[in-house]
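Please view the sequence and the model together before reading on.

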Amino acid sequence: MIKANPNWLFNRLFTAYLERLMRKSFSGFHIVNNFPILPENKAVLFTPNHFSWWDGFLIQKIQREFLPKKNFFILMLVKQLKVYRFFNWMGAYGVEQESISSVMQTVKYTRELLSSPENLVIIYPQGEIQPYGIDKVVLQKGITKFAGGEASNSVVIPIAFKIQFDEDKKPAVYCSFGEVLEAKEVSGDFSLYESAFLANLEELEQRSLKRESVRDLFK
């Protein structure tokens with residue numbers, strides 16, 4: 001595996017570029033429900049859906065807006081991280097799915113990160129990009145391993161994104177926050193997590209079709 005190597009100066013400069021890029025590419029960044037109140041003494045595990053090239057940038061925007069004091073870490077595949085090495089300076093770390101030892105090291109490293117209240121970790125439970133709106137969303141049960149052990153005192157939040165064309169030339173981003181789950185519950189009950197993840201996707205779909213928004217992060 002490859003551990004994260006955050007560089008605050010690069011992160012600051014690249015984040016400014018990303019902000020301009022997103023505003024240039026999307027007409028709005030709509031939050032369809034309220035961000036949950038979280039305990040300050042616990043690390044947070046975000047588990048977004050994975051449907052586009054934009055996903056990592058979208059979730060980083062959420063972190064900057066709602067949990068700016070948390071240290072940002074995001075799990076990627078090693079083969080992707082070797083292509084986009086600069087992500088490593090933004091808090092990305094990598095796993096080789098084909099290697100049992102790499103997977104075990106990554107689980108241990110993730111649990112260590114989630115044992116510290118100042119950290120925020122992002123893991124995509126789908127494991128790979130799946131088109132938005134497919135009939136059957138497949139989630140990897142490995143999420144229960146990441147939430148166990150030292151990570152059991154953290155909280156897990158499913159987050160859903162959708163890119164949708166409305167009345168503007170550019171598409172809009174819609175985002176929904178799911179139920180806050182205790183990591184120790186997720187580690188012992190995959191079906192509990194799966195239900196929360198799918199329910200949040202459904203809520204996003206219904207609210208985005210109505211163009212509901214409690215806040216536009218671009219305003």
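Which residues are buried in α7? They are Phe190, Tyr193, Ala196, Phe197, Asn200, Leu201, Leu204 and Ser208, where buried means under 20% relative accessible area, exposed over 50%, and partly exposed in between (1.4 Å probe, protein chains only). These residues cover an arc of only 135° around the axis, which puts them on the same side of α7; the arc is that of the directions from the helix axis to the C-beta atoms.

This is a predicted model, in which local features need pLDDT of at least 70, side-chain atom pairs count only at pLDDT 80 or more, and totals for chains, interfaces and linings use all residues. Residues are numbered from 1 along each chain as its sequence is written, and side-chain values use heavy atoms, with hydrogens and water left out.

**Helix α7**
- Helices (H or I, at least four residues) and strands (E, at least two) are DSSP runs, numbered from the N terminus.
- Helix α7 comprises 20 residues (190–209) and should span 28 Å at 1.5 Å a residue, which agrees with the 29 Å between its end C-alpha atoms; the expected span is 1.5 Å times one less than the number of residues.
- The cover over the buried residues of α7 includes β2 (44–48), β6 (155–164) and β7 (172–177).

**Salt bridges**
- The structure holds 12 salt bridges, each being a side-chain nitrogen of Lys or Arg within 4 Å of a carboxyl oxygen of Asp or Glu.
- Glutamate 205 forms a salt bridge with lysine 162, with the closest N and O atoms 3.1 Å apart. This pair links distant parts of the chain, since glutamate 205 is in helix α7 and lysine 162 in strand β6, 43 residues apart.
- Lysine 162 is buried, at 8% relative accessible area, whereas glutamate 205 is partly exposed, at 21%.
- Arginine 211 and aspartate 166 meet through their side chains in a salt bridge (3.5 Å, N to O). Arginine 211 lies in the loop between α7 and β9 (215–216) and aspartate 166 in the loop between β6 and β7, so the pair ties together parts that are 45 residues apart in sequence.

**Valine 180**
- Valine 180 is found in the loop between β7 and β8 and counts as partly exposed at 31% relative accessibility.
- Its contacts (heavy atoms within 4.5 Å) include Pro36, Leu38 and Val155, not counting residues up to four places away in sequence.
- Valine 180 and valine 155 are 25 residues apart in sequence and 6.6 Å apart in space, C-alpha to C-alpha.
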